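Have a look at the structure, then read on.

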Amino acid sequence: MVHLRRLAEADWRTLREVRLATLADAPSAFGSTYADEAAFGEADWRGRLTQRTYFLATDGPGGEPLGVAAGKRGDGEWTLHSMWVAPAARGRGVAAKLIKAVTEEAVAHGAPKLVLQVAEANMGARRVYERHGFVATGEWETIPGMRRERMVLSLPARG
């Protein structure tokens, strides 16, 4: 059973552990590196948890991490950041639960859309996002080591 919980600032060690596992597993999917983030201190990790809303998927309350995703309020939109599902958990609906949690958070804050950046080579993630209604915009960004495309999901009005 997949359990979701929102991470609090006190969960900075958990976020660090999961984020480093993310970067070790899929280094070409993210705009950061394991080495860079392994050097972050407690204040950096706590800062992330105050700037973004993180959801952690586990295999039951207090269980092993299965995935993570973050949402962040921006200028008139929310952004889905840093989504990852552990290889052993892929195909079990973890991504759907994480996307739903971030989407609900964005809707609760009145955001008209949820956006993300997906690496050009990450076709698995692109397919997941498309299945959940995200549409490629054709807007590309090049950062060191990758090209990524902006995708957008229109959100229902809060009601």
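Let's start with the largest pocket: 43 residues line it, and Phe 30, Met 83, Asn 122, Ala 125 and Tyr 129 lie nearest its centre. Bear in mind that this is a predicted model, where local features need pLDDT of at least 70, side-chain atom pairs count only at pLDDT 80 or more, and totals for chains, interfaces and linings use all residues. Residues are numbered from 1 along each chain as its sequence is written, and side-chain values use heavy atoms, with hydrogens and water left out.

**The largest pocket**

- A pocket here comes from a 1 Å grid over the protein atoms alone: it is an open set of points where a 1.4 Å probe fits, with protein on both sides within 12 Å along at least five of seven lines, and its lining residues have an atom within 4 Å of a point.
- The largest pocket comes out at about 960 Å³, where volume is the space filled by probe spheres set on the points, and grid points are joined across faces, edges and corners.
- Helix H1 (12-25), E4, H4, E5, H5, E6 and E7 each put at least two residues into the lining; helices (H or I, at least four residues) and strands (E, at least two) are DSSP runs, numbered from the N terminus.
- Which element gives the most to that lining? E4 does, with seven residues.
- By type, the lining splits into 20 nonpolar, twelve polar and eleven charged residues. Nonpolar covers Ala, Val, Leu, Ile, Met, Phe, Trp, Tyr, Cys and Pro, charged covers Asp, Glu, Lys and Arg, and the others, Gly among them, go down as polar.

**The largest nonpolar core**

- A nonpolar core is a set of buried Ala, Val, Leu, Ile, Met, Phe, Trp, Tyr and Cys residues joined through side-chain atoms within 4.5 Å; buried means under 20% relative accessible area, exposed over 50%, and partly exposed in between (1.4 Å probe, protein chains only).
- The largest one has 44 residues, of which Leu 80, Met 83, Val 94, Leu 98, Leu 114, Tyr 129 and Phe 134 touch the most other members. Helix H4 (residues 94-108) supplies the largest share of this core, eight residues.
- Phe 134 is in contact (heavy atoms within 4.5 Å) with Leu 80, Ile 99, Leu 114, Leu 116, Tyr 129, Met 151, Val 152 and Leu 153, leaving aside its neighbours within four places in sequence.

**Helix H5 and what covers it**

- H5 (residues 123-131) has Ala 125, Arg 126, Val 128 and Tyr 129 buried. They sit on the same side of H5 because they cover an arc of only 160° around the axis, the arc being that of the directions from the helix axis to the C-beta atoms.
- The cover over the buried residues of H5 includes strand E4 (78-85), H4, strand E5 (113-119), strand E6 (135-143) and strand E7 (146-154).
- After H5 comes Gly 133, with a positive phi near 95°.

**Strand E4**

- Trp 78 is in E4 and counts as buried because its relative accessibility is 4%. Skipping residues up to four places away in sequence, its contacts include Thr 53, Arg 73, Glu 105, His 109 and Leu 114.
- Trp 78 and Phe 30 are 48 residues apart along the chain, with their C-alpha atoms separated by 18 Å.
- Thr 79, also in E4, is buried at 19%. Beyond residues up to four places away in sequence, Thr 79 touches Ala 70, Gly 71, Lys 72, Leu 114 and Val 115.
- Ser 82 in E4 has a positive phi of about 55° although it is not a glycine, and Ser 82 is buried, with a relative accessible area of 16%.

- Is Met 1 buried or exposed? Met 1 is exposed, with a relative accessible area of 81%, and its place is in the segment before strand E1 (3-6).
- Not counting residues up to four places away in sequence, Met 1 touches Thr 58, Asp 59 and Gly 60.
- Glu 37 belongs to helix H2 (residues 34-38) and is buried, at 1% relative accessibility. Its contacts, again without residues up to four places away in sequence, are Arg 19, Leu 20, Leu 23, Ser 32, Trp 45 and Arg 48.
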